[in-house]
Amino acid sequence: MAAVCQAAALASPVSDLDKRDTVKGFDISHYQSTVNYQGAYNSGARFVIIKTLTRTTPKATEGTTYIDPKFSQHYNGATAAGLIRGGYHFARPASSSGATQANFFLAHGGGWSGDGRTLPGMLDMEYGSTSTCHGLGQTSMVNWIADFLNTYHGKTSRWPMIYTTNDWWVTCTGNSRAFNTKSPLVLARYSSAGPGTIPGGWPYQTIWQKDANYAYGGDSDIFNGALTQLRQLATG
């Protein structure tokens, strides 16, 4: 994941985006039952996204049937270490509406407050366990995502971040450009060569998930901007 705080950057002149600092972070899953958050902070990390997806990770929620049992422990640990933190929701578009899942996410760890330390929630759009696109066509998928985003925004005044890969976005939404002026993009691509192709008309990725080998557990993330911009993303 990587890019200038989209919340602030979308309103900034393009010239402001020409040169960007980078801020290290990470995301974790249930595989990391305990995390040395202070060690991560001391090594340079400044944010963590606590997965609320459940296939095999500590997502705050997944669909409307799973609440990660480690979420509160991870969230409190990250807070105590001084990390900017947030949760994300693993989408199950075939099981219920976007609005239903957004409300469930908000009720179980996905909320936002303008304290400068809480990232807006993240919607994880990726391959389903039995079907790449969860059984939905491209138009239905775009409508489902819009339903989730609009519901979350209506309750928090913030647009959620969207996590995806270029392949999934092109395959399952038809490379939709419907959200590139609202939701920051969290792009997954395990490569040393950079984030690669940016889908959906986004001008850049706000966060780049670059590998699955972070020293303190989970995946390595890079925020595409300065620390001041990361704080701005958290502040709103």
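Helices and strands are here DSSP runs, numbered from the N terminus. In these terms, the predicted model contains seven helices and 10 strands, and Pro 120 lies in the loop between helix H4 (98–107) and strand S6 (122–124). The chain has 236 residues, of which 55% count as buried. Among contacts with a separation of 6 or more, 67% are made by residues 24 or more positions apart.

**Confidence of the model**

- The average pLDDT of the chain is 86, and 84% of the residues score at least 70.
- Residues 1–19 have a pLDDT below 50, although this stretch has 64 contacts in the model beyond near neighbours in sequence.
- The pLDDT is also below 50 over residues 54–59, a stretch with 34 contacts beyond near neighbours in sequence.
- Where pLDDT is low, the predicted coordinates should not be read in detail.

**Pro 120 and its surroundings**

- Pro 120 has a relative accessibility of 1% and therefore counts as buried, the cut-off being under 20%.
- Setting aside residues up to four places away in sequence, Pro 120 touches Trp 112, Tyr 152, Arg 158, Trp 159, Met 161 and Leu 233.
- Pro 184 is 64 residues from Pro 120 along the chain, and the C-alpha atoms of the two are separated by 9.5 Å.

**The disulfide**

- One disulfide is found in a search of the whole structure; it joins Cys 133 to Cys 172, with an S to S distance of 1.9 Å.
- The link of Cys 133 and Cys 172 is left-handed, with -80° about the S-S bond.
- Distant parts of the chain are linked by this pair, 39 residues apart: Cys 133 belongs to the loop between S6 and helix H5 (138–156), and Cys 172 to helix H6 (residues 166–173).
- Both partners are buried: Cys 133 has a relative accessible area of 12%, and Cys 172 has a value of 0%.

**The salt bridge**

- The structure holds one salt bridge, formed by Lys 210 and Asp 211, whose closest N and O atoms are 3.3 Å apart.
- Side chains of opposite charge can pair when their charged atoms come close.
- Lys 210, at 26% relative accessibility, counts as partly exposed, whereas Asp 211, at 18%, counts as buried.

**Nonpolar cores**

- The largest nonpolar core has 21 residues, and those with the most contacts inside it are Leu 123, Met 125, Ile 145, Ile 162 and Phe 179.
- At least two residues of this core come from each of H4, H5, H6 and strand S8 (185–188).
- H5 gives the most to this core, namely seven residues.
- Beyond its neighbours within four places in sequence, Ile 162 is in contact with Leu 123, Met 125, Ile 145, Leu 149, Trp 169, Phe 179, Ser 183, Pro 184, Leu 185, Val 186 and Trp 202.
- There is a second, separate core of 16 residues, which includes Val 23, Met 122, Met 161 and Ala 188.
- Met 161, a member of this second core, is also one of the residues that Pro 120 touches.

**Helix H3**

- In helix H3 (residues 71–81), the buried residues are Phe 71, His 74, Tyr 75, Ala 78 and Ala 81.
- Viewed down the axis of H3, these buried residues fall within an arc of 135°, so they line one face of the helix.
- Asn 76 and Ala 80 are exposed on the other side of H3.
- The cover over the buried residues of H3 includes strand S1 (23–28), helix H2 (37–42), strand S2 (47–52) and strand S5 (84–90).
- Gly 82 follows H3 and has a positive phi, near 90°.

**Thr 181**

- Thr 181 is located in the loop between H6 and S8.
- The relative accessible area of Thr 181 is 58%, so this residue is exposed, the threshold being over 50%.
- Thr 181 and Trp 159 are 22 residues apart in sequence, and their C-alpha atoms are 9.9 Å apart in space.
- Trp 159 is in turn one of the residues that Pro 120 touches.

Methods
Residues numbered from 1 in each chain as written. Predicted model: local features only at pLDDT ≥ 70, side-chain atom pairs only at ≥ 80, totals over all residues. Heavy atoms only, no water. Helix = DSSP H or I, 4+ residues; strand = E, 2+ residues; numbered from the N terminus. Buried < 20%, exposed > 50% of the residue type's maximum accessible area, 1.4 Å probe, protein only. Contact = heavy atoms within 4.5 Å. pLDDT = per-residue confidence, 0-100. Disulfide = S-S within 2.5 Å. Salt bridge = Lys/Arg side-chain N within 4 Å of Asp/Glu carboxyl O. Core = buried A, V, L, I, M, F, W, Y, C linked by side-chain atoms within 4.5 Å. Arc of directions from axis to C-beta.
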